[in-house]
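Please read the numbered points with the model in view.

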Amino acid sequence: MYKGKAGMWAWLFHRVSGLGILVFLLLHIVDVSILSFGPTAYNASVMLFDSVIVRLLSLALVVAILFHGLNGVRVVLIDFWRKGVRYQQTMFVIVIVLCVILFIPAAYYVMGPVLNWFFHIPAPHAAAESH
Amino acid sequence: MIRISSGFGPRPSAGGFETFSWYFFRVSGIALLLLVAVHMIIMHVTNDVRCTTYLFVSMRLANPFWRVFDWLLLTLGLTHGMNGLRIVIDDYVKSPRVRLWLLSILAILLLVFIMLGTVTLITFQAANAAGPSCVGGTY
C-alpha cells in the first residue's frame with residue numbers, strides 16, 4: 001500500500017517544497033536585478049532581508065531546501081542503486097533526521113542577529129551584532 | 001504506452017522529451033545540491049545578510065568564476081524548477097485548452113527570468129561609490 005506511507009509523504013513534501021523554492025527563486029531573480037539601479041536601491045532591498053519576518057521566511061526556505069535536496073538524493077538512490085527500493089523507507093527516516101540536525105546550526109546562523117537582540121545569544125557574525 | 005509524468009515513476013525508456021526530462025531532473029539536481037550548498041554557506045554562514053550589500057556583490061562579481069557560478073545556479077535552478085512546475089500542471093490541469101495556456105505562460109516566464117538574470121549578471125559593473133559594507137542593525 002502506498003497511501004499514508006513514507007513514499008507518499010516524501011512525494012508530497014518534495015512537491016510542496018519544490019514549488020516553494022521556485023516561488024523564492026523568481027522573487028530572488030527580481031531582487032538581485034535591482035543591482036542594475038545602483039548601491040542605494042540595492043542596499044534598500046538588502047535591508048528588507050534583515051527584518052525578523054523575512055529572516056523567518058529565510059528559515060522556511062532553508063527547511064524546504066534541506067528536505068528537497070536530501071530527498072532528491074534519496075530519489076536518485078532509489079532509481080540508480082540496486083538496493084535503493086528496499087531501503088527507501090529507511091532513507092526517508094535518514095532524510096528527516098538529517099533535516100533536523102542540519103536545521104539547528106542553519107537556524108543559529110540565519111537568525112543570528114535576532115537571537116542576539118532578543119535572547120542575548122552571542123551572534124555568529126561579528127558585523128551582525130546589534131549596535 | 002504509459003506516459004510518465006511524475007519524477008517518481010519507473011525510468012522512462014521511450015526516448016524523447018520525457019526521458020530527457022527524467023534524466024535532467026536528476027543530473028541538474030545533483031549539480032544544484034553542490035551549487036546551492038556553497039551559495040547558502042556564503043550568504044548565511046560566512047556572512048550575514050546584513051553584509052551581502054552592493055559592495056559585497058561588486059567584490060564577488062569582480063571574479064568571473066562567481067559570475068559563471070551564479071549563472072549556472074540561475075539557469076539550472078530555473079530549468080529544474082520550471083520543469084517541475086510543468087509536471088505539476090500536467091498532473092492537475094485536465095483541460096487541454098487551459099493546460100496549453102498555462103504551459104505557454106510557463107515557457108514565456110522561463111525565458112523572461114533567464115534573460116533578466118543573465119542580463120543582470122553580464123551587465124553588472126560596480127559603481128565608483130559602492131556604498132557601505134553592511135547595512136541594517138536596527139534591532
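1. Three elements of chain A, namely helix H1 (6-33), helix H2 (39-50) and helix H3 (52-80), each contribute at least two residues to the lining of the second largest pocket. Helices here are DSSP runs (H or I, at least four residues), numbered from the N terminus. The greatest contribution comes from H3(A), with six residues.

2. The model is predicted: local features need pLDDT of at least 70, side-chain atom pairs count only at pLDDT 80 or more, and totals for chains, interfaces and linings use all residues. Residues are numbered from 1 along each chain as its sequence is written, chains are lettered from A and ligands numbered from 1 in the order in which they are written, and side-chain values use heavy atoms, with hydrogens and water left out.

3. The volume of the second largest pocket is about 350 Å³. Of its 14 lining residues, those closest to the centre are A:Phe24, A:Leu27, A:Phe49, A:Val54 and A:Leu57. A pocket is an open set of points on a 1 Å grid over the protein atoms alone, where a 1.4 Å probe fits, with protein on both sides within 12 Å along at least five of seven lines; lining residues have an atom within 4 Å of a point. Grid points are joined across faces, edges and corners, and the volume is the space filled by probe spheres set on the points.

4. By class, the lining of the second largest pocket comprises 10 nonpolar, three polar and one charged residues. Ala, Val, Leu, Ile, Met, Phe, Trp, Tyr, Cys and Pro count as nonpolar, Asp, Glu, Lys and Arg as charged, and the others, Gly among them, as polar.

5. Over all chains there is one disulfide (a pair of cysteine sulfur atoms within 2.5 Å). B:Cys51 and B:Cys134 form this bond, with their sulfur atoms 2.0 Å apart. The torsion about the S-S bond is about 105°, so the disulfide is right-handed.

6. Are the two cysteines of chain B buried or exposed? B:Cys51 counts as buried because its relative accessibility is 8%, whereas B:Cys134, at 30%, counts as partly exposed. Buried means under 20% relative accessible area, exposed over 50%, and partly exposed in between (1.4 Å probe, protein chains only).

7. B:Val135 is also placed in the segment after H4 of chain B, and counts as buried at 14% relative accessibility. B:Val135 and B:Arg50 are 85 residues apart in sequence, yet their C-alpha atoms are 5.3 Å apart in space.

8. Helix H3 (residues 64-92) of chain B has 29 residues and should span 42 Å at 1.5 Å a residue; its end C-alpha atoms are 42 Å apart, which agrees. The expected span is 1.5 Å times one less than the number of residues. At the start of H3(B), a side-chain oxygen of B:Asn63 comes within 3.0 Å of the backbone nitrogen of B:Phe65.

9. In chain A, helix H4 (residues 88-110) holds A:Val95, which counts as buried at 4% relative accessibility. A:Leu102 is also found in helix H4 of chain A, but counts as partly exposed at 38%.

Definitions and conventions:
A polar contact is a pair of N or O atoms within 3.5 Å; within protein, one must be able to donate a hydrogen and the other to accept it, and residues adjacent in sequence count only if both atoms are side-chain atoms.
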